[in-house]
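Me: Please go through the structure shown below with me, in questions and answers.

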Amino acid sequence: MAALRTSVSQGEDVVEILKKILKRYKSLPLSDERGGPQIYVLGGFAILLLMGLFTTFGYAYKIQIMASNLNYGTKIAATTAFGSHTIPNTGNNGVQISNANALQQEFRDILQDQMKDWPQSTYTLQSIQVYGESDRGSSPPTGFSQPIPGTSAYIKMDFNIEVNPGFLPMNTRWTIPLYVMVSTNSYESATGAWNLVR
């Protein structure tokens, strides 16, 4: 019985709060009684604003996940291709690419397999440049800030995004360039140097 009284009193409290909100709204210069927009118009505007914000954050999250997956797939494809087409380079204590064309073709095949669930239009492979140990320390290619690490592949891609929320009359397309350097060597950020594979 006490629980029933508590729930009734809570219900009465909610009604009182709603009455106070309505009274305060009617006293505002924006109220419909004073020539302002009706509360239904304001409520509809607030709902549209919330839907727009939800859609924006939802698409931002989706784009971030897709870019991470593409970056991961690119690295897996390049690393696997390196495993098939590199031989030891004893002179430089590293490895060298045995067949650059075969490596590039295997990279394309593995990348396509990694992204098989994606529509082909979501990414475009622009180029893949291959470097050897003799290129180590050379000037970086466009979009990469560190010197060339040695035996590596530098991949330029475009990530294509189409935003079409459905409930809003807009259809936007973006192209985000991706630059990925994949090396058989590891980069040590503390010393600012590449560690050669031994």
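Among contacts in the protein chain (heavy atoms within 4.5 Å) between residues at least 6 apart in sequence, 54% join residues at least 24 apart. This is a predicted model, in which local features need pLDDT of at least 70 and side-chain atom pairs count only at pLDDT 80 or more, while totals for chains, interfaces and linings use all residues. Residues are numbered from 1 along each chain as its sequence is written, and side-chain values use heavy atoms, with hydrogens and water left out.

Me: In what order do the elements of the protein chain run from the N terminus on?

Reply: Helices (H or I, at least four residues) and strands (E, at least two) are DSSP runs, numbered from the N terminus. The protein chain has 3 helices and 7 strands. Their order is α-α-β-β-α-β-β-β-β-β.

Me: What is the distance between the end C-alpha atoms of helix H3?

Reply: Helix H3 covers residues 100-114, which is 15 residues. The expected span is 1.5 Å times one less than the number of residues, so H3 should span 21 Å. The model agrees with this, as the end C-alpha atoms are apart by 21 Å.

Me: Within what arc do the buried residues of H3 fall?

Reply: Buried means under 20% relative accessible area, exposed over 50% and partly exposed in between (1.4 Å probe, protein chains only). In H3 the buried residues are Leu103, Gln104, Phe107, Ile110 and Leu111. They line one face of the helix, because the directions from the helix axis to the C-beta atoms fall within an arc of 135°.

Me: What is the relative accessible area of Phe107?

Reply: Phe107 lies in helix H3. Leaving aside neighbours within four places in sequence, Phe107 is in contact with Thr74, Ala77, Ala78, Ala81, Leu125, Ile128 and Ile155. Of these, Ala78 is 29 residues away in sequence, yet 5.5 Å away in space, C-alpha to C-alpha. Phe107 is buried, and its relative accessible area is 0%.
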